[in-house]
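Here are a few friendly notes for when you next open this model. Please keep the structure in view as you read.

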Amino acid sequence: MQAWRVHENGEPGAVMRLERTERPTPGDGQVLLRVRAANINFPDALLCRGQYQVRPPLPFTPGVEICGETPDGRRVIANPALPHGGFAEYAVADAAALLPAPEALDDAEAAALHIGYQTGWFGLHRRARLEAGETLLVHAAAGGVGSAAVQLGKAAGATVIGVVGGADKAAVARDLGCDVVVDRRGEDVVAAVKEATGGRGADVIYDPVGGQAYAQSAKVVAFEGRIVVVGFASGSIPSPALNHALVKNYSILGLHWGLYNTKNPKLVQHCHEQLTGLAARGAIRPLVSERVPLEEAAAAVQRVADGLTTGRVAVVPTLENGAAA
């Protein structure tokens, strides 16, 4: 089979190599999956750089989220078991963690439903307890993680403010359903959010960016507001001033979605059922901006790493017989 492999850490475009290799052999409790589509996530770039919290042995195949097909023909969503990741024609995954792919979504959309939407659901509902009528502020609202949070916020009945970087991404955020869009490249984010909320600020802030975005969040969070820390795509990890959280009476909530897979896997299943229902009635639909062949995966991962994409980019392998996976 063909698979992208990383033999040394570095930038994805430089260290990912497309090679011919043997199909992976499933271990105990694992299953071999034919990859129908693999969604690109920012952690794939961090894996290539050696900066992710999980460091698989070299060489490894990145790709942490797929829609695959089981040997008995079932279409499933899975997180491949590294080092045999999803940027390949075949991957392996834990059989107990497989989730049925929603019938309402195609392969690329189904591959993109898992990590970003589960993170959004847990962040907004489990951690922040977002309520209908509240104001939700989403940083990087046109990106893969942010676009999921926007759709989930709208589905929950919130007023959604999206912060983006650039006119193209602003257009995407509006199409996603943002009630207010703030272009950080040409607008003062703090002033714009305060104006949009009548000076009150946002009840819930969803931050996958960190750095300057977090500093802005602390200035616009409402009384009894909640800032959900999801990641640090900016590369800068902020150091919150806890005295500020005290005097403004707001909460800072961390979210590491992967922990639920071991700490409370039943909640992951429950979340998937909720997401499947939302997809079935059209309340959410992953924004897949690009579908690229396996041969273009390294360049696509690099574009995601560089912040040049909107929504999700999916890798769709073509098997040796010419059929799309």
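1. In which sense do strand 8 and strand 9 pair, and over how many bridges? Strand 8 (residues 135-139) and strand 9 (residues 159-164) are parallel, joined over 5 bridges; two strands pair if DSSP finds at least two bridges between them. Within this pair, His139 sits opposite Val163 of strand 9. Helices (H or I, at least four residues) and strands (E, at least two) are DSSP runs, numbered from the N terminus.

2. A word on the basis: this is a predicted model, where local features need pLDDT of at least 70, side-chain atom pairs count only at pLDDT 80 or more, and totals for chains, interfaces and linings use all residues. Residues are numbered from 1 along each chain as its sequence is written, and side-chain values use heavy atoms, leaving out hydrogens and water.

3. On to helix 2 (residues 42-49): its buried residues (under 20% relative accessible area, 1.4 Å probe, protein chains only) are Asp44, Ala45, Leu46, Leu47 and Cys48. Just after this helix, Gly50 has a positive phi of about 75 degrees.

4. Finally, the cysteines: there are 0 disulfides (pairs of cysteine sulfur atoms within 2.5 Å) in the structure. The Cys67 sulfur lies 17 Å from the closest cysteine sulfur, that of Cys271, which is too far for a bond. Cys67 is buried at 0% relative accessible area, and Cys271 is buried at 0% relative accessibility.

Terms used. Buried means under 20% relative accessible area, exposed over 50%, partly exposed in between (1.4 Å probe, protein chains only).
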